[in-house]
Amino acid sequence: MRLLLGFMVFLLSMPLYAVQVDGLYTAKVVVKDQSSSARKLAIKRALQQVVHKVSGRRDTNKAALFESLANAGSYVEQFQYKKRDGGQSFWLIVRFQKAGIDQTLQQFGVPVWGANRPSVLLWLAIDEGGRRSIAGAESDSGLAAILTQEVRNMGLHVTLPLLDLADQRDIGFNDVWGGFSEQIQQASRRYGHSQVMFGRLLKEGATWQFDWTLMNEGQQKSRLEKSNTARLVFRQAFAQVAEKLADTYAPLSVASQENQLNIEVADVKSLSQFVNMTSYLSSLDMVKKLSWGQLIDNKVVLNLVIRGDVAVLEETIALNNALSPDSSPRNQYILPDGMKALPADLMEKTLYYRAN
């Protein structure tokens with residue numbers, strides 16, 4: 001038991017900045033029957049959902065893009081039907097081809113936001129007709145299910161707090177409801193998330209209100225959503241959150257820009273460490289080509305071609321525990337005869353890390 005508790009404390013002490021978000025190229029829509037005409041229309045709706053998830057944006061302002069995607073069926077990899085509970089209609093679950101979607105988006109200057117995305121820690125205080133609570137990781141209410149579904153539909157990952165004794169000691173309902181950001185940040189430290197969101201969900205009569213704030217490195221984005229259902233206020237809020245994060249990790253301004261750079265990684269002490277590091281970098285959607293240039297003792301120099309800005313790559317790497325920035329690199333390149341130092345432009349395009 002003591003070992004288990006120690007392991008849980010160890011897990012909580014590790015930063016959980018990013019996760020692999022599954023299902024970005026899959027969408028689920030309602031159809032009244034299994035006819036080909038109903039399926040054709042539903043596939044178009046499903047494709048729009050996938051474009052929103054993959055780009056992180058509800059409105060791409062690209063009429064030509066959706067005109068190019070008009071033949072939605074040609075992007076389908078597979079589909080299946082599932083009977084809906086308590087009704088005569090069906091769920092149509094469609095999975096689309098990643099390569100085809102990505103190529104079309106990039107062709108029209110819409111950046112592809114990879115599956116490696118920041119996890120958002122959400123503190124949500126709920127007042128539902130006088131019943132007050134904080135949504136937690138073990139919540140099994142209808143609201144929790146709606147929240148989970150809308151988050152998934154936006155291509156996001158949200159973590160709810162454990163609400164264990166440590167959380168109960170650090171924070172209460174009134175702290176979250178009042179939006180006391182210092183108290184919320186203090187309670188959030190144990191989770192290690194770079195993105196923290198807090199909000200209050202209020203039901204007054206037939207109206208739902210969701211007043212929320214997203215905090216990240218001293219910056220805040222706040223909005224108030226109102227609707228006649230909890231599902232719609234969650235949808236409106238998380239669409240804004242997805243767009244805010246996409247502006248950081250997949251900005252529109254650098255969608256088609258290609259860059260070459262080197263990454264120098266120190267403390268690579270085993271073959272498995274080398275394989276894990278290169279596999280991680282290769283898995284990032286913005287990395288188009290990776291090769292290794294030099295191997296000196298425990299230091300590796302990797303050559304990368306990326307689609308997008310180098311600063312975005314640095315932001316993405318910072319989400320994970322695979323690599324840590326090396327603030328005092330010791331350059332040990334083997335230089336050609338007669339060359340005393342690397343050209344300045346090459347030095348500027350080198351990032352320095354240590355393998356974890």
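The chain holds 12 helices and 15 strands. The model is predicted. Of the 356 residues in the chain, 45% are buried. The accessible surface of the chain is about 18,900 Å². Carbon and sulfur atoms account for 50% of that surface.

Three strands make up an open sheet, ordered β2-β4-β3. Pairing in this sheet is antiparallel. Its edges are β2 (26-31) and β3 (76-83), and each of these pairs on one side only. On average, neighbouring strands of the sheet are turned by 20° against each other, direction ignored. β2 pairs with β4 (residues 90-96) over 6 bridges, in the antiparallel sense. Valine 31 stands opposite phenylalanine 90 in β4.

**The sheet with β12**

Another open sheet has 5 strands, in the order β12-β13-β11-β15-β14. Here the pairing is mixed. The edge strands are β12 (287-296) and β14 (323-325), each pairing on one side only. Neighbouring strands are turned by 35° against each other on average, direction ignored. β12 runs antiparallel to β13 (residues 299-307), and 8 bridges join the two. Leucine 290 stands opposite leucine 304 in β13.

In general, strands of a sheet pair through backbone hydrogen bonds, either parallel or antiparallel.

**Arginine 57**

Arginine 57 sits in the loop between α2 (36-55) and α3 (63-68). Is this residue, arginine 57, buried or exposed? Its relative accessible area is 3%. The cut-off for buried is under 20%, so arginine 57 counts as buried.

What does the side chain of arginine 57 reach? Two backbone oxygens are listed here.

| Backbone oxygen reached by the arginine 57 side chain | Distance |
|---|---|
| Serine 55 | 3.0 Å |
| Alanine 246 | 3.4 Å |

Which residues does arginine 57 touch, not counting those up to four places away in sequence? They are His52, Pro111, Glu243, Ala246, Asp247, Ala250, Pro251 and Leu252. Serine 55, whose backbone oxygen is reached at 3.0 Å, falls within α2 (36-55).

Notes
Residues are numbered from 1 along each chain as its sequence is written. This is a predicted model: local features need pLDDT of at least 70, side-chain atom pairs count only at pLDDT 80 or more; totals for chains, interfaces and linings use all residues. Side-chain values use heavy atoms; hydrogens and water are left out. Two strands pair if DSSP finds at least two bridges between them. Helices (H or I, at least four residues) and strands (E, at least two) are DSSP runs, numbered from the N terminus. Axes are lines fitted to C-alpha atoms, for helices over the stretch in contact, and angles run from 0 to 180 degrees between N-to-C directions. Buried means under 20% relative accessible area, exposed over 50%, partly exposed in between (1.4 Å probe, protein chains only). Accessible areas come from the Shrake-Rupley method with a 1.4 Å probe; for residues, only the protein chains shown count as cover. A polar contact is a pair of N or O atoms within 3.5 Å; within protein, one must be able to donate a hydrogen and the other to accept it, and residues adjacent in sequence count only if both atoms are side-chain atoms. Contact means heavy atoms within 4.5 Å.
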